[in-house]
Amino acid sequence: MNMSEQILQTQNLQAFYGDAQALFGIHFALHRSEVVAIIGANGAGKSTFLKALTGLVKAPADAVRFKGQAIGGAHPGDIVRQGMALVPEGRRLFASLSVEENLLMGATPGRPGPWTLERLYAMFPVLKEKRRNPSGALSGGQQQMVSIGRALMSNPEVLLCDELSLGLAPVVIQEIYAALPAITADGMSLVIVEQDVSLAQRVSQRLYCLQEGRVSLEGDSQAVTREQISQAYFGL
Ligand SMILES: Nc1ncnc2c1ncn2[C@@H]1O[C@H](COP(=O)(O)OP(=O)(O)OP(=O)(O)O)[C@@H](O)[C@H]1O
């Protein structure tokens, strides 16, 4: 497989909440095995962008192409079955169900692959220890691990992560991000929404900055400067 092949693209992606427009023509590309970060201030449209990729916010079919297929506005379940999974902002676990039940909920018929309960437990051993506990009883960081694990259980080719670090202590954020190499080891592509710009730059090859629903900066994560980023963030 050609590793520089684009697996996911958006073309002039617009999205609305009722009459309110949230995305104003996003052009975006993700290559196979690439990690791309999306940064930007609160309300810039980062979550909306991930939702439009996964069918949770409507989009014109042609505005989102995944593996060559127009998938904008497709049913979220169909998009997961085609190989794109979301770790949503706020984790969205079933609090009264056990860790293992939450993980198994992510398993998707027709998508076998490297991710199994065993592999997840090897990556996050604490989840094995707590597999019978209600997920609502776990710490924030452990719940984030469950949310990541649930998405991985569908053996996605593209994993989208919305603010993995939200509300977590620095040491826990480090622990979560330390799992990324294991996640990308088989060639999975990642889109990571991250408020911590330095962290976003460290873990990604390329980044996009959104500002008020538009791409205000796009570039090589190592090459973009602090000045470029602060201008793209705040429009100063
Ligand atoms: N469910 C909704 N209904 C109406 N407007 C919404 C809804 N969700 C988001 N918006 C609006 O869409 C715009 C983009 O919001 P979005 O949540 O995508 O931003 P974000 O960059 O992810 O910010 P945050 O970091 O705060 O999550 C904002 O103006 C927001 O108020």
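Analyst: Let's start with a rule: Ala, Val, Leu, Ile, Met, Phe, Trp, Tyr, Cys and Pro count as nonpolar, Asp, Glu, Lys and Arg as charged, and the others, Gly among them, as polar. By that rule, the shell around the ligand has 4 nonpolar, 6 polar and 1 charged residues. This is a predicted model, where local features need pLDDT of at least 70, side-chain atom pairs count only at pLDDT 80 or more, and totals for chains, interfaces and linings use all residues. Residues are numbered from 1 along each chain as its sequence is written.

User: Which residues surround the ligand?

Analyst: They include Tyr-17, Asn-42, Lys-46, Ser-47 and Thr-48; a residue is near if its C-beta atom, placed from the backbone, lies within 6 Å. H1 gives the largest share, 3 residues.

User: Why are H6 and H7 called roughly parallel?

Analyst: Helix H6 (140–152) and helix H7 (170–177) pack at about 20 degrees, with axes 10 Å apart. Angles under 35 degrees count as roughly parallel (over 145 is roughly antiparallel, 65 to 115 roughly perpendicular, the rest oblique), so H6 and H7 are roughly parallel.

User: What makes the contact?

Analyst: Gly-141, Gln-144 and Met-145 of H6 meet Val-172, Glu-175 and Ile-176 of H7 (C-beta atoms, placed from the backbone, within 7 Å). That contact divides into 3 nonpolar, 2 polar and 1 charged.

User: How many helices and strands does the protein chain have, and how do you know how compact it is?

Analyst: The chain has 10 helices and 10 strands (DSSP runs: H or I, at least four residues; E, at least two). Its radius of gyration is 17 Å, close to the 18 Å of the globule rule for 236 residues, so the chain is as compact as a globular protein of that length. The radius is taken over C-alpha atoms, and the rule is 2.2 Å times the number of residues to the power 0.38.

Methods. Axes fitted to C-alpha atoms, helices over the stretch in contact; angles between N-to-C directions. Contact = placed C-beta atoms within 7 Å.
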